[in-house]
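Have a look at it first, and then we'll take the features one by one.

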Amino acid sequence: MFLGLVAAGCSKSPAPRPVAKGTSSASTARQSTGATSAASQRCQTLLSSALEMLRPEKLGISAEPKAAVDTLNNWVRDCGKTLPADNSPVSDSAADKLISQPARTAAGGELYDRQDIEHVRNCWLFKQARSGIVRQHDSDVARTVALFELACRIVALTGKGDLTAPLNLYDIAVIGKGEPEDRAWIFAELLRQTGIDAVILRPAPAKTGATPPRWLVGALVDKQIYLFDPTLGWPIPSPSDKGTTAAVESAATLAQVLADDKLLRKLDISAEKPYPLHSADLKSARAEIITSSRYSSPRIRRLESFLSGDRSVTIYVPVGDVGSRPGLLSRVANAGAGVWKKEDVAIWDYPDRQTAAIDHLDGNLAKYHSFLWLPFQGPVTADLDKEKMKLNISPGSRKQIKSRIAQLQGDYAGAVRNYLLVQLDELPPAIPLPPEMQAAVRAQQQKPQEGPIGLPVPQLAFAMNFRAAEDAKFWMAVCQLEQNMLEPATETLDAYWRRYIEGGKWIPQTALLRGLTLARTGKYALAVQQINEISHALPEDDPRWATCQLFTTRWRAARDAANSSGATSQAAVAAEQPRPEPKPKQEASPPAKASGSGTKAETSPPAAPPSATTKKP
């Protein structure tokens, strides 16, 4: 059972009926008690069944979302209306003013919908995702920096010109690629489950119509606002950061940055390529609370009271105050005292816009969204039917989505084991026929075919397993990094680099992670060489290019600091010279698909994703 459920609200006894003459009042009481107990048990069963289906490892995988919604709404109809007064849903007047009308309408109403159950599932997932870091660090400041690093490992940035589609929170976490806004969203959800609020700090444009300046994420910890740049994937370096560690280990606060512009100048690539923010830009920055309308939904509040004990999770975080409990608006306004006023605080509408957009995808966007989810249906198997001379493709095993969810939940060892199995399931372009069948085919050919004869694997099945295996190789390395297994992680990243260098979708992130891994072991020259290999292949307006340049500068400084004489050896400089440039592409593509009939192999996969509709877990 998910919870020790309280029976309050499901056990209200009906008004006593008149007892007929000669009827035992004790007997009537027993019958009433029995009926009440049965009703209470039904309420507990309905709610327990619904909540069980909302587990991250079940919803959309082994539990159908519609069944979860229906079960939860049956509970509402039969039991939810009799909740005690302190658990009854209340409206949020502050949310009514700050959240858009469409979002409020969707979050209102008495019955639950699919977005509600996905909201609960997502909250559970991010609570599990941050648990390891919470245990490893003894201060909220250290946890915040570590959670930011985790968010950047969960979400690799898309490159300039890459295909994109609207993604909801679950899409971002599972698919693992997105925009800086997606990183910020993931970071904020990890913080929320740790009891920390987050805002977008958005400087005002220099003039009307000007390009919006770089924005930051502010984490509200211990009455301070710590600053992070999800575009760079870096915290804003604190005054104590000397630039000689593998990565920035301490973040600056807003107060520190306002007092000293030199902290932002640590992020200048050069005098000609300065960091796009100055202290003065943040003096009039707008604070936008990172939340979504579901966190203020009355029906989510109704459900929150049943999530207790070791199954507790934060699902209700209202914008307005509730009794003596300060809401998001009050907490953010108090944290920014002297920088912004309460009436200047807004809600970041990106989460609600993205969530709503998913329900209205059409045409190529819908196809591309399905294409992104294709690997998570598999892998599949291809078995040769000798009698019918064809391949039987099995239904998708969903082993990939189960592995990815296990990784996000922090079960890294279990995820690695399953990722190995996913890689073993990769299919060849064609399944060779048995020797006797090949001989029979050649006997019927006017010009016998040279080389092995096989049946081509259907394109959709081939692409599914190929892409699942590529993702599994990369994510296996990430799991090893999460366990601080630096040497195995380096070997796995090397293996990915060698296999997929001609267009793998994780090539830039592989270079960054391998460089970081080498730097953390003190191999700064090799780390610089690795990062140079990818930075030379990226255009300067790609957001990842600046990150590469800053890491190069940092690791050279760390190398020089580690050198007792302060001199850079010629061997170290030589080691930094890049090898041939890789070729990062929009999406990892399968290799040329061979034909089993002797026809010319395709030299490239289709430019567009498969048109076949795939079901998202």
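**Reading the model, step by step**

Q: What covers the buried residues of H13?
A: This is a predicted model, and in it the cover includes helix H3 (93-98), strand S3 (197-202), strand S4 (216-221) and strand S7 (286-289).

Q: Which residues of helix H13 are the buried ones?
A: Helix H13 spans residues 328-335, and its buried residues are Leu328, Leu329, Ser330, Val332 and Ala333. Here's a general idea to keep handy: an α-helix has 3.6 residues a turn, so residues three or four places apart point the same way.

Q: How do I read a salt bridge, say the one between arginine 299 and aspartate 116?
A: Check the closest N and O atoms: here they're 2.4 Å apart. Then see where the partners sit: arginine 299 is in helix H12 (residues 298-304) and aspartate 116 in helix H5 (residues 114-136), 183 residues apart. Both arginine 299 and aspartate 116 are buried.

Q: Is aspartate 229 buried or exposed?
A: Aspartate 229 has 0% relative accessibility, and buried means under 20%, so it counts as buried. Its side chain meets that of arginine 214 in a salt bridge (2.7 Å, N to O). Arginine 214 is partly exposed, at 21% relative accessibility.

Q: What about aromatic rings?
A: A pair of them is described by the distance of the centres and the angle of the planes. This structure holds 20 aromatic pairs. Ring pairs also link residues into a cluster, including Tyr170, Trp475 and Trp506.

Q: Which residue lies over the face of tryptophan 475?
A: That's arginine 404, at 4.1 Å from the ring centre.

Terms used
Residues are numbered from 1 along each chain as its sequence is written. This is a predicted model: local features need pLDDT of at least 70, side-chain atom pairs count only at pLDDT 80 or more; totals for chains, interfaces and linings use all residues. Side-chain values use heavy atoms; hydrogens and water are left out. Buried means under 20% relative accessible area, exposed over 50%, partly exposed in between (1.4 Å probe, protein chains only). Helices (H or I, at least four residues) and strands (E, at least two) are DSSP runs, numbered from the N terminus. Contact means heavy atoms within 4.5 Å. Rings of Phe, Tyr and Trp (its six-membered ring) pair if their centres lie within 6.5 Å; planes under 30 degrees apart count as stacked, over 60 as edge-to-face and the rest as tilted. A charge sits over a ring if NZ of Lys or CZ of Arg is within 6 Å of the ring centre and within 35 degrees of the ring normal. A salt bridge is a side-chain nitrogen of Lys or Arg within 4 Å of a carboxyl oxygen of Asp or Glu.
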